Amino acid sequence: MVLNFLLFPIFVFTISILGKIFQKFFDLKKNDYIFIDIIYGIFFLCITALFFNFFFKLHSPIVLLFYLIVFLFGLKKFFIEIFYKIKKNIIWIFLLSFLPSFMLAGYDSGLYHIPFQTWIQNEKIIIGLSNLNLRFGITSIFSYASALMWFENTFLFVSYFSTCFYLILFLFINEYLSKNYLKLIFGLMILISFPLWSRYIFPSHSLIDAKFGILVIILITILAVNFKLWIFEKKISREDILFVGTLFFLIFTFKASGILFFPLLIFLVIHL
């Protein structure tokens with residue numbers, strides 16, 4: 001547990017650096033919220049892992065070297081900015097550092113999550129793999145990023161990756177919802193979305209429900225807070241569009257029930 005207080009902040013720093021690289025690629029304006037950097041970092045890991053797996057096994061030296069080079073580039077360019085954001089939120093990060101010590105594998109981890117990740121760690125994407133286990137066809141994009149992070153049945157970094165979602169939730173409340181009326185809207189969004197993610201709320205490094213729910217809560221809260229500004233006043237930035245689009249993508253690819261939010265996406269596309 002004591003080691004987590006050192007390693008988890010380093011892990012958050014690393015994910016945030018990858019998120020900044022993604023934002024730099026799209027030439028986005030600098031943001032003040034580290035939870036945004038972490039979400040972009042998660043997206044970057046998920047989408048690049050999926051892409052690489054079409055051509056390489058995920059534990060290929062080529063894949064791991066790519067992430068090392070990207071990180072070192074980002075470290076040189078964004079060290080001071082991310083270090084300041086980490087320092088600013090270090091209390092929250094330390095408080096969440098205890099969580100991996102109690103995080104267990106989900107009830108169906110051995111049923112298909114770990115077997116599927118073992119396949120993609122050692123083989124590129126195999127068409128028809130779901131014929132071996134039907135559940136291999138319903139795994140989420142989260143599995144591709146998770147497969148990068150465990151070796152020889154050691155899941156410590158996967159638990160850190162899962163803990164990042166709970167950290168995102170607390171940072172979102174602390175950084176973004178600074179005013180009381182925003183917290184009230186946030187509370188209402190939790191109540192509205194509760195049936196979607198409450199089934200397996202206990203922290204686990206394989207179950208996706210709580211992670212999915214956190215992303216849903218953040219998405220609908222941001223939309224509720226900015227609805228008037230974005231829809232009626234038509235004041236929405238390129239950065240806002242890309243961030244909301246990233247949240248939609250993660251929600252759609254984390255759980256099949258994410259499709260319930262497709263009409264909301266269509267509405268936004270029509271009216272923005």
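**Figure 1. A cluster of aromatic rings in a predicted model.** Phe22, Phe25, Phe26, Tyr33, Phe35, Tyr40, Phe43, Phe172, Tyr176, Phe243 and Phe249 are joined into a cluster by ring pairs. Rings of Phe, Tyr and Trp (its six-membered ring) pair if their centres lie within 6.5 Å; planes under 30 degrees apart count as stacked, over 60 as edge-to-face and the rest as tilted. The model is predicted, so local features need pLDDT of at least 70 and side-chain atom pairs count only at pLDDT 80 or more, while totals for chains, interfaces and linings use all residues. Residues are numbered from 1 along each chain as its sequence is written, and side-chain values use heavy atoms, with hydrogens and water left out.

**Figure 2. The aromatic pair of Phe44 and Tyr67.** Across the whole structure, a search finds 41 aromatic pairs. Phe44 and Tyr67 form an edge-to-face pair, 6.4 Å centre to centre with 85° between the planes. This pair links distant parts of the chain, 23 residues apart: Phe44 belongs to helix α2 (residues 34-53) and Tyr67 to helix α3 (residues 61-88). Helices (H or I, at least four residues) and strands (E, at least two) are DSSP runs, numbered from the N terminus. Phe44 is buried at a relative accessible area of 9%, and Tyr67 is buried at 11%. Buried means under 20% relative accessible area, exposed over 50%, and partly exposed in between (1.4 Å probe, protein chains only).

**Figure 3. The ring pair of Phe79 and Phe83.** The ring centres of Phe79 and Phe83 are 5.7 Å apart and their planes are at 15°, so the pair is stacked. Phe79 and Phe83 are separated by about one helical turn because they are 4 residues apart in helix α3. Phe79 is partly exposed, with a relative accessible area of 39%; Phe83 is also partly exposed, at 46%.

**Figure 4. Asp27 and its backbone angle.** Asp27, a residue other than glycine, has a positive phi near 55°. Asp27 is placed in the loop between α1 (4-25) and α2. With 59% relative accessibility, Asp27 counts as exposed.

**Figure 5. Glu152 and its backbone angle.** Phi of Glu152 is also positive, near 50°, in a residue other than glycine. The loop between α6 (142-147) and α7 (156-176) holds Glu152. Its relative accessibility is 74%, so Glu152 counts as exposed.
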